[in-house]
Amino acid sequence: MPALPLEMVAPLLATGASTRMPNTEPARFKPGDVVIARNIHPINHTRLPRYVRGKRGTVRADNGTFSFNDTVAHGLGHQPQHVYSVRFSAQELWGPDASPLDSVYIDLFDRYLDPAP
Amino acid sequence: MNGVHDMGGLQGFGPIDREAQERVFALFFGGFAGGFYNIDMFRAEIERMPGHEYLRSSYYEHWLHAIEALLIQGGAVTHAELQARIAELQAAGRKEPH
């Protein structure tokens, strides 16, 4: 990996860096779609938390296209894809004792999701 | 990977230790700007910590572990050099306690 040019260091520290990529990939989901997070157990880095695997959620927003952390972590390229904000109800994740008013929103890559049957 | 880092839903852990944040953040950025790792390589390296060490160390010690490992992998420093410097600082600390 190349070092950052000196003139880029201060702006990056001030504003952070985005991994957003050009919007070239088709979106498999749209807001309102019901999805199931895949029950997968990759041996490499992943941004899919275990507690949502196999759980049903609703796509609330399409955030756009981003570089895929799971492959970038291992030098396997950007593999750009859509990232969605997915809402899971607290009861779906934690059972009937959880508050019916609570939910968790998680940003999830396209490849983590299947359409709910 | 399924490791102890994936703690969502686990209970009984205290708040994050923020003491070492500034120093470790500065170290992180040095290695990042130097081209030795990206954020995803950094996170993956933390996740490869042995589970018992991960649970025994603080949040920013996880960062330090990954920074050291990636700087060694990238050839910026050797394990022996790192150990020698730690010993040097420990000896200096014994002479001038603060």
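Two residues are taken to be in contact if their C-beta atoms, placed from the backbone, lie within 7 Å. In the predicted model, the contact between the two chains draws on 15 residues from chain B and 18 residues from chain A. On the side of chain B that touches chain A, the elements that give two or more residues are α1 and α2 of chain B, and of these α2(B) gives the most, with five residues. By residue type, this side of chain B divides into five nonpolar, six polar and four charged residues.

Within chain B, helix α4 comprises 15 residues, 59–73. The distance from the first C-alpha of α4(B) to its last is 22 Å, which is close to the 21 Å expected at 1.5 Å a residue. The buried residues of this helix are B:Tyr60, B:His62, B:Trp63, B:Ala66, B:Ile67 and B:Leu70. Because these residues cover an arc of only 145 degrees around the axis, they are placed on the same side of α4(B). Just after α4(B), the backbone at B:Gly75 adopts a positive phi of about 85 degrees.

Helix α5 of chain B, which runs over residues 79–95, has 17 residues and should span 24 Å at 1.5 Å a residue, and the separation of 25 Å between its end C-alpha atoms agrees with that expectation. With regard to burial, a residue counts as buried if 20 or more other C-beta atoms lie within 10 Å of its own. The number of residues of α5(B) that are buried is zero, so this helix lies largely in the open, whereas α4(B) has buried residues that include B:Trp63 and B:Leu70.

The secondary structure of chain A consists of three helices and five strands, and these elements follow the order α-β-β-α-β-α-β-β from the N terminus on. Along its principal axes, the C-alpha trace of chain A spans about 55 × 30 × 25 Å. Chain A has 117 residues, of which buried residues make up 22%. When contacts in chain A between residues at least 6 apart in sequence are considered, 61% join residues that are at least 24 apart.

Technical notes
Residues are numbered from 1 along each chain as its sequence is written. Chains are lettered from A and ligands numbered from 1 in the order in which they are written. This is a predicted model: local features need pLDDT of at least 70, side-chain atom pairs count only at pLDDT 80 or more; totals for chains, interfaces and linings use all residues. Helices (H or I, at least four residues) and strands (E, at least two) are DSSP runs, numbered from the N terminus. The expected span of a helix is 1.5 Å times one less than its number of residues. A residue is buried if 20 or more other C-beta atoms lie within 10 Å of its own, exposed if 12 or fewer, and partly exposed in between; C-beta atoms are placed from the backbone. The arc is that of the directions from the helix axis to the C-beta atoms. Ala, Val, Leu, Ile, Met, Phe, Trp, Tyr, Cys and Pro count as nonpolar, Asp, Glu, Lys and Arg as charged, and the others, Gly among them, as polar.
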